[in-house]
Amino acid sequence: MSQPWRTPAGGRINRHRELRFTFDGRELTGYEGDTLASALLANGVHLVGRSFKYHRPRGILSAGPEEPNAIVTVRRDAARVTPDLRATEVPLYAGLDAISQNRWPSLGVDVGAINNLLSPFIPAGFYYKTFMWPRGAWRSLYEPKIRAAAGLGRAPEQPDPDTYATRFAHCDVLVVGAGPAGIAAARASAKRGVRVILCDEQPQFGGSLLAEPSASTALIEGQPAEQWLSASLKELASLPEVTLLSRTTAFGYFPHNFVGLSERLTDHLDSVRPGQPRERLWQVRAKEVILATGALERPLVFPGNDRPGILLAGAARTYLNQYGVMPGRRAVLLTACDAAYRAALDLRSAGVEIAAIIDVRERADGALPEAARRAGLTVHSNATVVGTVGSQRVKAIRVARLDGSGAPQGSIERIACDALLMSAGYTPSVHLFSQSRGKLVWNDAQQTFLPGEPAERTHCAGACRGVFGLAAAIEDGRGAAARAGGDVSGSSKMPEPAAGEFGGILGALPQPAGKPVVKAFVDWQNDVTSKDLALAAREGFRSIEHVKRYTTTGMATDQGKTSNLNALAIVAGEIGKRIPEVGLTTFRMPYTPVTFGSFAAYTRGELFDPVRTTPTHEWAVRRGAVFEDVGLWKRARYFPRKDESMHAAVQRECLAVRNGCGMFDASTLGKIEVVGKDAVTFMNRLYINSWSNLAVGRCRYGILLRDDGFIMDDGVVARIAEDRFHVTTTTGGAAAVLGMMEDFLQTEWRDLQVWLTSTSEQWSVIAVQGPKSREVIAGLVEGVDLSNAALAHMGVAHGRICGVPMRLFRVSFTGELGFEINVPADYGQSVWEAIYAAGQAHGITPYGTEAMHVLRAEKGFIIVGQDTDGTVTPHDAGLAWAIGKSKSDFVGKRALERPAMQSIERKQLVGLLTGAPHVVLEEGAQLIASAQHRLGERPIGHVTSSYYSATLGRSIAMAMVRGGRARQGETLYVLADGQPVPVQVTSPVFYDPQGTRLNA
Amino acid sequence: MPNAIATRQGPYVAPSALVRVLPHAARWVLRGDSSVMATAASTLGVPFVERPCQAAAQSDCAALWLGPDERLLIAPADAQSELAARLQTALAGQPHSLVEVSHRQVALEIAGEHAAVLLNSGCPLDLHVSAFPAGMCTRTMFAKTEIVLWRTAEQRFHVEVWRSFAAYLSKYLALAAGELAA
């Protein structure tokens, strides 16, 4: 018979739609609306996993996000494999393929279970204590072996094929949790007409109401609960300013009421349309947050409490009422609170035999225990369970009476059962409140931590602040909504909790005297027992934070949702302190695990970062250019002809510039328009150069220092008008230079009438360089006299090229006669193509950044960031000539005047020539003074730029060398693969030192 | 006399349902005090508005408030040289900075019922019509790029983005628009 543990009727599942699925290859069926856990239980499958450390057989403990045991891998297809999912949260779909974890070769027969037998030798802190010696073995032997045995689940092996959506949202009220309190709060808030988001991790809204039997007689606002729920949801759904998000976990609470929500969109679907996002990350900024996150039931700590078939009482009730699944045929309830009696009563109504109710409290005389007695159930109060029987499923429990001191005594009774329901009471879910940095306060009456003073505009409602019971929760939800709406008249005082209904007990159940040999688990997922915690306390750990790290309690992926308070109580008991004195571990986001895909969302692949391209990019692509990344930019590095190597292409491009004409896209250079009456004053204060004497229509090479006197950026600056400068920066430095300029302008020099505008992308810049460059562009340019007399080196002119406006710079970064043609960017490609066509007669050659680097190095021009490293002064770089000597101040001047900054012993820029002309030095290589290198000898410099120069027919290099300029003519040594290569120190200007070519 | 006349070509923009590229435009960044802004507004024929994050628009011209002393001026592309000359003349003598940025950026229009939601896939601002009504504009972030966002109607936005970021922005929008179809 299929699904033998399914009730004949009832539950919120769709019995008309049967779904086939597999678990460890076994074919099973469930219904739409099931979770994997409920479907497994419907098939009588209780053994679902092996524990992390001892590989003990484990069953399904809970019905929600707190599940520590039922951790599975779900495989949708070869690429869609998700490990470490909680079966209690995995929605069932047709064809679902689930695999158990942490076992080999199979779930039933697991070799790793040997750890369970060895467990007396694996105490808390085992790894810290054992693998101490020999020291070297940790890396080579212990760690790899331990790592192989550890780990939970396997990471997927293929790239994630799914897309993930992301959305920012704002609202007046965010309500987290759609149980009775949350729904009441959302309705009351929505009535005010404000924007409300209501989210809940379950597929259906209703929270605890979903676990009520369908025949429940509970009334809300005079309506049967079920009717109230559907009417409320209908009302909320009809309001345009209300957003309802089911399957959505609020996983993180960040400053200023910024809450992260993870919405699962497709994991419940049988098939997924291509491109349909799997999840959506919501980043919500809420004016007010109402937390109605409910409470989690605590397990009881007693020997053998981890056998399959032992589950939380509330979970058993949920499985019965929400999913129509019986967790057993003959059940025992072990409880420390009244609320759990409902599970026994409901199961009894469904035909499950209740073998006994064991109540660990001295007396069980509340309304629910009385109802149980009236229903004919046997209630043993003042009793406890001292052991369980069974291997892969519980078969019986061993019960003992408690004496006056609360210790087990007398004979032990064995009660046969196939399910044990347990409840130690409920712990309010304060995770999000704590994440928001709200203070948690120990409440003696309730024996738990409750939200205290909030740190944000946060309001808690219902069970998450210790307000239990349906009517009270509804009332509290409305109260929270009123407070969130600014109504302070309503009291936020807590109603008195019904004594004993939800409170229960903390810590381990009393055990017979003597050395316990059977494990009583506190943290199911990390296999931490009460004994481990006691040992930690005996070994001197006092802070719960230390105990946590030592024993790993609460450190599994469930973050100790079921274990933290019990662990705390055990440690407090051991060291004789009150619980609040021992402290509470930090609640960290995420509340439940969130996929990396959801955080990355669209920011992957080609959208990982913006890819910036210049106006001539498409042309360069068509020409087969090889690109390099410069910041976010793609720049053409070289333009290989068919089968040409980079080396050959770069040599060809360099020679073309030297002998004829080359063209280069310099559009990525930063450009800043500095405009205003005080523009020249601003430039004088900022750059080291003097600008007062720069005539309109002229350019100057400018150097910018940081406050500490070191070179930050450089570039050609043109004076376009008396009150207008066209400043260029390096490609990578553009944003930082503009930022620095604005910083000075807005904070230091507010008196200056000058404004800055980035024009980096307004202009496309085409460098035409080489002895033929004038001839190439002459036919395209209008309104500018290109002669050397009219437009000399470092001149700038306005005119037109190809009919469009142009700023024409007579500048050269190559050492040749050259022009940099600035045209509005949308014309860039068109003008580029026109110049290329006009240059054919002169053999014009497009060149890339690599040839540009070689050409400038031949001239000894530095590149900021390559030849400088943030510790180079203008003096070091041989650029002291640029300093405006008569200026009273400029950024970096005071730092530069320190004697140490002017020491001639500092590293200075020099040229290097190798003895063998074809040896190209390694950039970054260290320089030493003698061929006999001694170990530990300090190098005296390093190579910053090194190339093969086709123009010179030999290699060249630039270097920063201590006292370098005085060493010209000396032989130094560069270490190459440990071998000293002799080099001669020279001037860094290797080509045309008189500059006759660029002045041609 | 040159025979090749250059043609204008904007950056690549990925196509998607809710997004279209707006025609070429003339643009300037104008900096100066409020009398400068008043002069520019009357030259452009748009109302003079000093309210923060408010766009003043009339026919095809607009002045977008980007800061206390900063406006982005937008006009039809064919009026560029004539308006530039008139602005220079009108503003002469007043301390200001007028810098043409026509080609620095490109304008996209995002329109439709889901326009605001689409923008919220990368823009963290509250785009509810009560918080960001028609006529409001601001410089802000969309994912990893800076944009100027201007709501021209309840379901229509004008987005200005630097040209080299247009491909990134439009590809992101195209991908995110796929979600809205879902």
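**Labels and their grounds**

Modeller: Start with helix H11 of chain A. What covers its buried residues includes strand S8 (164-176), H5, strand S10 (219-220), strand S15 (279-291) and strand S28 (458-460) of chain A. This is a predicted model: local features need pLDDT of at least 70, side-chain atom pairs count only at pLDDT 80 or more, and totals for chains, interfaces and linings use all residues. Residues are numbered from 1 along each chain as its sequence is written, and chains are lettered from A and ligands numbered from 1 in the order in which they are written.

Colleague: What makes H11(A) a helix of the expected span?

Modeller: Helices (H or I, at least four residues) and strands (E, at least two) are DSSP runs, numbered from the N terminus. H11(A), residues 470-484, has 15 residues. The expected span is 1.5 Å times one less than the number of residues. For H11(A) that gives 21 Å, and the helix reaches 21 Å from its first C-alpha to its last. Just after H11(A), A:Gly486 takes a positive phi of about 90°.

Colleague: How do you know that the span of H5(A) agrees with its length?

Modeller: The twelve residues of H5(A), 180-191, should span 16 Å at 1.5 Å a residue, and the end C-alpha atoms are 17 Å apart, so the two agree. H5(A) is followed by A:Gly193, whose phi is positive, near 85°.

Colleague: Why is H5(A) called mostly covered?

Modeller: Eleven of its twelve residues are buried. Buried has a cut-off: 20 or more other C-beta atoms lie within 10 Å of the residue's own, with exposed at 12 or fewer, partly exposed in between, and C-beta atoms placed from the backbone. The buried residues of H5(A) include A:Ile183, A:Arg187 and A:Ser189.

Colleague: Why is A:Asp527 called buried?

Modeller: A:Asp527 has 27 C-beta neighbours inside 10 Å, so it counts as buried. The residue lies in the loop between strand S29 (521-523) and strand S30 (528-529) of chain A.

Colleague: Why is A:Met794 called partly exposed?

Modeller: A:Met794 has 19 C-beta neighbours inside 10 Å, so it counts as partly exposed. A:Met794 sits in the loop between strand S40 (781-782) and strand S41 (795-801) of chain A. A:Met794 also has a positive phi, about 70°, and is not a glycine.

Colleague: And what makes A:Val626 partly exposed?

Modeller: A:Val626 has 14 C-beta neighbours inside 10 Å, so it too gets that label. A:Val626 is in strand S31 (residues 626-630) of chain A. Not counting residues up to four places away in sequence, A:Val626 touches A:Arg637, A:Tyr638 and A:Pro640. Contact means C-beta atoms, placed from the backbone, within 7 Å.

Colleague: How do you know that the buried residues of H20(A) line one face?

Modeller: Seen down the axis of H20(A), they fall within an arc of 75°, so they line one face of the helix. The arc is that of the directions from the helix axis to the C-beta atoms. The buried residues are A:Ala734, A:Val737, A:Met741 and A:Leu745. On the other side, the exposed residues include A:Gly739, A:Asp743 and A:Glu748.

Colleague: Why is the crossing of H7(A) and H8(A) called left-handed?

Modeller: A crossing is left-handed if the near helix is turned anticlockwise from the far one by less than a right angle, and right-handed if clockwise. The crossing of H7(A) and H8(A) is left-handed. Their axes come within 8 Å and cross at roughly 30°. Axes are lines fitted to C-alpha atoms, for helices over the stretch in contact, and angles run from 0 to 180 degrees between N-to-C directions.

Colleague: Which way does H1(B) pass H2(B)?

Modeller: In a right-handed crossing. The axes of H1(B) and H2(B) come within 10 Å and cross at roughly 145°.

Colleague: What makes up the side of chain B that touches chain A?

Modeller: 42 residues of chain B are in contact with 43 residues of chain A. H4(B) gives the most to that side of chain B, with eight residues. The residues on that side divide into 21 nonpolar, twelve polar and nine charged. Ala, Val, Leu, Ile, Met, Phe, Trp, Tyr, Cys and Pro count as nonpolar, Asp, Glu, Lys and Arg as charged, and the others, Gly among them, as polar.

Conventions:
Two residues are in contact if their C-beta atoms, placed from the backbone, lie within 7 Å.
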